Amino acid sequence: MVDRVHLQQIKKDIEALKGEKVLVRANKGRKKMIEVEGILENTYSNIFVVRFPVDRECKQFRCVTYTYSDLITNTVEIILCKTNTKVNIM
């Protein structure tokens, strides 16, 4: 079980990555995984936003929100692109 202090630490860790290029691996159910590169655009009290390019020319973007509980339950993984390291949650 995750306590309030641990959740606050996760939020601070994600806040420190704001503006960084990240690789997001998300479990979409029924053995479907997506893996997309984007920029961690903003963080809020319950969610964080990742901006992905829609096309190869990067003219259109799509913003997707994830909750911090997605990270805790391993539904979503965040990997830093410049160091190629996974963001540790526990």
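Reply: The side chain of Thr-43 makes a polar contact with the side chain of Glu-15, at 2.3 Å (a polar contact is a pair of N or O atoms within 3.5 Å; within protein, one must be able to donate a hydrogen and the other to accept it, and residues adjacent in sequence count only if both atoms are side-chain atoms). The model is predicted, and local features need pLDDT of at least 70, while side-chain atom pairs count only at pLDDT 80 or more and totals for chains, interfaces and linings use all residues. Residues are numbered from 1 along each chain as its sequence is written, and side-chain values use heavy atoms, with hydrogens and water left out.

Thr-43 lies in strand 2 (helices, H or I with at least four residues, and strands, E with at least two, are DSSP runs numbered from the N terminus). With a relative accessibility of 10%, Thr-43 counts as buried (buried means under 20% relative accessible area, exposed over 50%, partly exposed in between, with a 1.4 Å probe and protein chains only). Leaving aside residues up to four places away in sequence, Thr-43 touches Ile-14, Glu-15, Lys-18, Phe-48 and Tyr-68 (contact means heavy atoms within 4.5 Å).

Ile-14 is buried in helix 1, as are Ile-10 and Lys-11. Seen down the axis, the buried residues of helix 1 fall within an arc of 100°, so they line one face of the helix (the arc is that of the directions from the helix axis to the C-beta atoms). These buried residues pack against strand 2 (33-43), strand 3 (47-53), helix 2 (68-72) and strand 5 (76-80). On the face of helix 1 turned away from its buried side are the exposed residues Val-5, Lys-12 and Ala-16.

Next come the charged pairs. The structure holds 7 salt bridges (a salt bridge is a side-chain nitrogen of Lys or Arg within 4 Å of a carboxyl oxygen of Asp or Glu). Lys-82 and Glu-20 form one of them, at 3.5 Å from N to O. Lys-82 lies in the loop between strand 5 and strand 6 (85-86) and Glu-20 in the loop between helix 1 and strand 1 (21-27), so the pair ties together parts that are 62 residues apart in sequence. Lys-82 is exposed, at 66% relative accessible area, whereas Glu-20 is partly exposed, at 24%.

Strand 5 takes part as well. The side chains of Arg-25 and Glu-77 meet in a salt bridge of 3.7 Å, N to O. Arg-25 lies in strand 1 and Glu-77 in strand 5, so this pair ties together parts that are 52 residues apart in sequence. Arg-25 is partly exposed at 29%, and Glu-77 is partly exposed at 22%. Glu-77 also meets Lys-86 in a salt bridge, at 3.6 Å from N to O, and Lys-86 is partly exposed at 42%. Through shared partners, salt bridges join Arg-25, Glu-35, Glu-77 and Lys-86 into one network.

The loop between helix 2 and strand 5 holds Thr-73, which counts as exposed at 54% relative accessibility. The side chain of Thr-73 reaches the backbone oxygen of Ser-69 at 2.9 Å. Thr-73 and Ile-89 are 16 residues apart along the chain, and their C-alpha atoms are separated by 9.7 Å.

Arg-30, in the loop between strand 1 and strand 2, has a phi near 50°, a positive value in a residue other than glycine; Arg-30 is exposed at 80%. Asn-84, in the loop between strand 5 and strand 6, is not a glycine either, yet has a positive phi of about 60°; Asn-84 is exposed at 62%. The count of disulfides comes to 0 (a disulfide is a pair of cysteine sulfur atoms within 2.5 Å). Cys-63 is partly exposed at 48% relative accessibility, and Cys-81 is partly exposed at 28%.
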